[in-house]
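This report describes a single protein chain for a reader new to it.

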Amino acid sequence: MSRARKLNKETVLSYLRIFCIIIGTTLVDVGIKHVLKHLYFKTGELWIYLIYVFFDTSLSFPLYWVTVILLIYLVEIKEKKKTEEAKEPKKIIWKLIPVGFVILYCVITNCFKVSGKYQVCRINAETPSRWTYDSALLKDALSKETEIVELDLDTIEAVAPSYSYKVASGKYRYKSRSSTTYYVKYENKEGRTHCAMLESGESYNYLQNLKKLIDRIDITVKIEYYPNSGTIKYINDMSPYDADALEAHYNSIVEQNANVLEKSLPDENDEAIRQLKIIFDVMPNSIGKKLSDVKSILDEECVELDKRIKVQYISSKSFGIGEIAFWDGANRRIYVVEDQAKEDMVRLPFFDENTPVDEIKDMLHKAGIEYTCYVDSDWTGENSYNYELGYIDCTPGTMIPKSYKIMFDVHKKGQTP
């Protein structure tokens, strides 16, 4: 084997080892978060949740990169040095640099306010810093003391807003991703507001289902919480993450009040019609607004956006990231800007009812816009100047997604479409 081929094989193996290190470290990082989160769900121990939050918000990022760099050093660089005859004396200072980096990163980041999915947290109606939030969790974990409030359901808010975050999509490029976080907003014993973040949506769904009943029956909810952080321990004596218990309790309330609910509870079709009416009132006016803001409006009306509306993410420089760029009412689909890397929208050409049909089609063709044209039964394609534009589902001049197919019809001049 020639020296060049040997070097090329070693280079390929080196890249393969580095790739395995990165993938392995990523899996370990994700695995630690997954295990800690589900241990907390299973045990309800605040100590575990404190470790999870600190790892997720402060420790995960620096520890990940320190581990990757250290493993690459040990596997790639140090192994090569073993083949050298002369070795430099070890310096203890180099061992302290990774530890110092992790500590410095944690100290600096904890001075900033909570972000990402934790940005919904409020302690006494104020957004805490990461240090304040971790300290509050630590105090609660040490004391293990809780307080209980019993509140009318209509004074409690269960909300599921969206938040955006960046992910790498290539060298020096990032894409925006959206995710959903859950929280419960309530007043503590002193009348101050806590917003307690939930790691999953079981109790959010439970409270939203209960809210559908409050115009027919009176419902109160007992919340047991940790006073410093506002973290909820129990809702109606059940873990916020015990889906089976929450569902069983909801069903028991429905059964106990069956006589009242049977007389007044609307059927599923009535509820679907109610939600669709609200959707078609809200969504046409949502263009240019943040998806999270529109979702909050629909949540207040108990409209299930994820169930009723399809979301399609696109690239566009015409709107801000996270904003709704287009509403397709016929298919109940919204187009939301994911990033501004390219332009997935095009402006519908300007024309009116006096524009000849052939010219309209030519303009659409040149703009790269697909269309469906509905015509009279006696349309032959000839003498198109005798026909004019009738209904069109988008106003000329509107920015529309390139993948959207517009619809319009034509009819003889002087006839009502």
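Beyond its neighbours within four places in sequence, Tyr133 is in contact (heavy atoms within 4.5 Å) with Tyr49, Val53, Val114, Tyr118, Cys121, Ile123, Pro128, Ser229 and Thr231. The model is predicted: local features need pLDDT of at least 70 and side-chain atom pairs count only at pLDDT 80 or more, while totals for chains, interfaces and linings use all residues. Residues are numbered from 1 along each chain as its sequence is written, and side-chain values use heavy atoms, with hydrogens and water left out.

Tyr133 is among the residues with the most contacts inside the largest nonpolar core, which has 50 residues. Such a core is a set of buried Ala, Val, Leu, Ile, Met, Phe, Trp, Tyr and Cys residues joined through side-chain atoms within 4.5 Å; buried means under 20% relative accessible area, with a 1.4 Å probe and protein chains only.

Another core, of 22 residues, lies apart from it and includes Leu348, Ile369, Met399 and Val410.

The pLDDT is the predictor's confidence in each residue, from 0 to 100. Its mean over the protein chain is 79, and 78% of the residues reach 70 or more. Over residues 83-87 it is below 50, and this stretch has two contacts in the model beyond near neighbours in sequence.

An open sheet of three strands (DSSP runs of E, at least two residues) has the order β9-β11-β10, with mixed pairing. Strands pair if DSSP finds at least two bridges between them. Its edge strands each pair on one side only:

| Edge strand | Residues |
|---|---|
| β9 | residues 310-315 |
| β10 | residues 324-328 |

β10 and β11 (residues 333-339) pair in the antiparallel sense over four bridges. Trp327 stands opposite Ile334 in β11.
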